[in-house]
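Here are my notes after going through the model.

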Amino acid sequence: MSGATESDTSALVVLTLEQKASLLSGRDTWTTQPIEDAGIRSVRMSDGPNGLRAQLNGGDALGFQPSEPSTCFPPAVAVGSSWDPELATKVGEALGREGLSFGIDVVLGPGVNIKRSPLCGRNFEYYSEDPLLAGALGVGYVRGMQSTGAGASVKHFAANNQETDRMRVSSEVDERTLREIYFPAFERIVKEAQPATVMCAYNRINGVYASENPWLLKDVLRTEWGFEGAVISDWGAVHRPAVAVAAGLDLEMPGTRGRSIREIVAAVEAGDLDEADVDRSVARVVKLTGLGAEGKVAVDFDAHHALARATAAASIVLLKNEATLPLEAQMRIAVIGEFARTARFQGGGSSHVNAVRSEAFLDAATAHSASIEFAAGFTLDGRGDDLDLCGAAVAAASRSEVAVIFAGLAESDESEGYDRTTIELPTAQIALIRAVAAAAPKTVVVLSHGGVVGLEGWHDDVDAILDGFLLGQAGGAAIADVVFGVVNPSGRLAETIPLRIADTPAFGNFPGEQGHVVYGERTLVGYRWYATRGIPVRYPFGHGLSYSTFRTSGFTVTVTGDDTATVRVTVENTGTRDGAHVVQVYVDASALGTVQRSARELRAFRKVHVPAGGAVEVELELDRRAFAYWDVDLHDWAVTPGSYRVILGRDAFAVDAETTIDLVGDRVDRELTMGSTAQEWFEHSIVGPVLLDTLQSDLLRAMAQPEALRMLGSLPWQKIVNLLGDSVSRDDVDTLMAASRGEGC
């Protein structure tokens with residue numbers, strides 16, 4: 001390790017205000033300002049998150065200029081479908097080592113924003129529509145990376161779920177939704193992995209820019225979650241540097257050629273910014289100089305390519321298989337689609353990697369089969385003759401025993417900077433799939449894309465579908481491993497594949513208008529929406545097939561406390577191939593309490609590898625948060641007393657087993673006021689039982705009857721008191737309100 005240590009930060013007191021301010025703004029695109037006389041070196045950063053985009057001589061923040069060759073690992077969209085935090089740890093460690101080999105101290109990743117809409121152009125950089133899964137994978141990634149000495153940067157905090165108008169749009173979202181959906185992945189990573197940095201987002205949250213939001217950066221991130229690292233801005237996300245420092249931002253990136261330095265100095269001198277805030281941020285930035293490596297770090301790029309291949313293979317999801325896969329080597333195979341020859345394996349924008357190598361399926365497949373005929377089927381730039389290309393593909397398919405079609409989206413279809421407008425495949429590709437399927441005895445479709453694509457119009461015409469998403473530089477070889485049965489597929493969907501874009505939760509509220517986007521679906525994001533609303537989907541969250549078969553048994557849920565439980569289940573591999581199964585535990589609290597709860601919430605999971613004919617016992621803990629919701633009145637998590645359905649799901653829809661448990665939960669006695677409803681007064685655990693005896697009124701007794709209370713229960717207590725008039729004493733009412741505060745009755 002190099003740079004300043006805990007013991008020598010006292011040297012900061014000799015810095016001038018101008019020097020301190022210079023440390024809070026980047027020197028250039030990728031480095032911080034050094035102060036050599038004070039022994040403070042520059043910190044170098046690089047884009048990630050699925051490969052280093054190291055630009056050692058200048059550079060840009062959008063991926064236009066060249067970068068050093070690096071391993072392109074599968075993007076988060078693929079790793080998310082692996083459901084394997086240990087694999088994420090290995091990828092993070094490899095990325096950390098590659099970063100150190102280039103002198104990179106901080107790698108900008110992972111991205112853990114929730115996939116609110118399948119149209120978000122940057123979804124390929126994010127893990128899932130579910131915060132538990134995204135958080136678990138993010139923890140693995142950060143732990144792996146930081147075990148090498150490099151620092152991670154968890155991004156983009158927070159409610160950054162679209163590219164349209166991303167530099168200024170205000171995400172209008174209530175606190176409960178933030179706490180339950182958009183914060184938990186960040187919270188878990190901070191509490192369990194302590195990332196070196198957290199990157200604040202471009203957007204506003206309820207009107208306040210993330211970079212200027214003290215509630216977000218101070219109250220939540222530091223005070224509540226205990227974050228100890230530095231908050232850095234997304235590149236260009238700072239509007240008022242002095243206001244941002246006061247709000248809890250530590251480092252503005254990139255540099256602004258001295259403008260931000262001058263504004264911070266002027267604000268301190270004018271008394272508008274406390275120099276103590278500057279000092280705190282300076283100390284956090286200087287702490288980053290302790291990251292990195294003192295000597296040369298060697299990288300085994302062959303080993304990293306092998307890891308990329310294994311990660312890709314573990315992330316592929318077998319959506320459909322009607323006795324078609326895996327293929328046998330001696331089969332006559334027609335390989336169709338330009339993506340088979342020209343692999344699409346990563347997204348566009350700041351995360352675009354200059355891959356050290358790449359493997360297309362067409363090249364890799366020759367190691368498995370000598371009987372392959374290729375037809376392009378379509379062009380990536382749309383300039384070819386679709387009819388001629390389709391005709392050649394159909395001819396090849398008619399001569400085959402099985403046709404394998406590679407379809408998907410070109411990099412220009414989805415990227416950082418803009419959102420998609422549809423989830424459908426290009427029209428020419430849909431026509432190709434249908435024509436080939438009509439000609440071939442068997443048809444397999446392999447999909448390459450960063451955001452969810454629709455399967456309608458051709459799904460029922462084909463025999464098998466492999467969803468590869470974006471698989472990194474070794475993706476073609478990994479697909480070949482799965483197609484020919486060298487690897488047993490074990491991926492599970494980390495996001496729902498809907499039937500129509502109109503069915504999706506954010507439809508009608510995405511991407512907003514006139515600078516605002518309303519999160520009208522609230523906590524019903526992704527599979528929560530479909531399960532609670534009873535909306536059918538093509539494939540649910542958590543879905544994925546295998547070449548083996550698995551049976552679960554002995555599902556038990558044991559209550560271990562007022563708000564905790566333990567789940568136990570045995571997973572048996574009843575097939576003839578070794579394979580992996582993902583145990584998924586969901587909680588249904590939709591029948592409880594007075595707040596809306598989802599009919600499905602993933603609360604625990606584990607990917608287990610089970611040999612053919614073998615069995616594995618799995619034990620999972622359901623902690624307090626597995627049953628809690630965010631109570632906006634208490635400003636805290638609360639567990640409603642009552643019965644909870646605990647579901648063992650093969651996916652978010654398919655139930656393998658379920659049971660009901662009763663939890664004591666929390667006794668929440670809210671303070672009663674004249675604005676509280678009649679229902680709240682009668683149901684209060686302290687006041688309710690003595691209410692009628694204290695306020696002796698025949699009219700009140702009549703109001704307390706079930707049918708009357710059903711009609712009058714929502715009236716504010718002030719209205720009830722007005723109706724009762726002089727028949728009740730205001731002193732008695734005040735005494736009861738004091739009792740609700742625990743002041744005696």
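1. Let's start at helix 23, where a side-chain oxygen of Ser 729 reaches to within 3.1 Å of the backbone nitrogen of Asp 731 at the start of the helix. Helices here are DSSP runs of H or I with at least four residues, strands are runs of E with at least two, and both are numbered from the N terminus. Just after helix 23, Gly 742 has a positive phi of about 80 degrees.

2. Before going on, some ground rules. This is a predicted model, with local features needing pLDDT of at least 70 and side-chain atom pairs counting only at pLDDT 80 or more, while totals for chains, interfaces and linings use all residues. Numbering runs from 1 along each chain as its sequence is written, and side-chain values use heavy atoms, with hydrogens and water left out.

3. Staying with helix 23 (residues 730–740), the buried residues are Val 733, Leu 736, Met 737, Ala 738, Ala 739 and Ser 740. Buried means under 20% relative accessible area, exposed means over 50%, and partly exposed is in between (1.4 Å probe, protein chains only). The cover over these buried residues includes helix 18 (678–683), helix 19 (688–694) and helix 22 (717–724), with contact taken as heavy atoms within 4.5 Å.

4. Next, helix 14 (residues 386–398) and helix 15 (residues 427–439): their axes come within 8 Å and cross at roughly 25 degrees. The axes are lines fitted to C-alpha atoms, for helices over the stretch in contact, and the angles run from 0 to 180 degrees between N-to-C directions. The two helices are therefore roughly parallel to each other; the classes are roughly parallel under 35 degrees, roughly antiparallel over 145, roughly perpendicular from 65 to 115, and oblique for the rest. Helix 14 and helix 15 make a right-handed crossing, the convention being that the near helix is turned clockwise from the far one by less than a right angle, with anticlockwise giving left-handed.

5. Who does the touching there? On the helix 14 side we have Asp 386, Cys 390, Ala 393, Val 394, Ala 397 and Ser 398, meeting Ala 428, Leu 432, Ala 435, Val 436 and Ala 439 in helix 15. By class, that contact has nine nonpolar, one polar and one charged residues. For the record, Ala, Val, Leu, Ile, Met, Phe, Trp, Tyr, Cys and Pro count as nonpolar, Asp, Glu, Lys and Arg as charged, and the others, Gly among them, as polar.

6. Helix 5 (residues 175–182) and helix 7 (residues 214–224) pack at an angle of about 50 degrees, with axes 15 Å apart. That makes helix 5 oblique to helix 7. This crossing is right-handed. Glu 175, Leu 178 and Arg 179 of helix 5 make the contact with Trp 215, Val 220 and Glu 224 of helix 7, and the residues divide into three nonpolar, no polar and three charged.

7. Glu 495, in the loop between helix 16 (475–483) and strand 15 (516–518), is buried at a relative accessible area of 5%. The side chain of Glu 495 makes a polar contact with the side chain of Lys 115 (2.8 Å). A polar contact is a pair of N or O atoms within 3.5 Å; within protein, one must be able to donate a hydrogen and the other to accept it, and residues adjacent in sequence count only if both atoms are side-chain atoms.

8. Asp 130 counts as buried, at 0% relative accessibility, and its side chain makes a polar contact with the side chain of Tyr 527 (2.7 Å). Leaving aside neighbours within four places in sequence, Asp 130 is in contact with Ile 114, Tyr 527, Arg 528, Phe 541 and Leu 602.

9. Asp 165 has a positive phi near 55 degrees without being a glycine and counts as partly exposed at 29% relative accessibility. Arg 257 likewise has a positive phi near 55 degrees, and counts as exposed at 85%.
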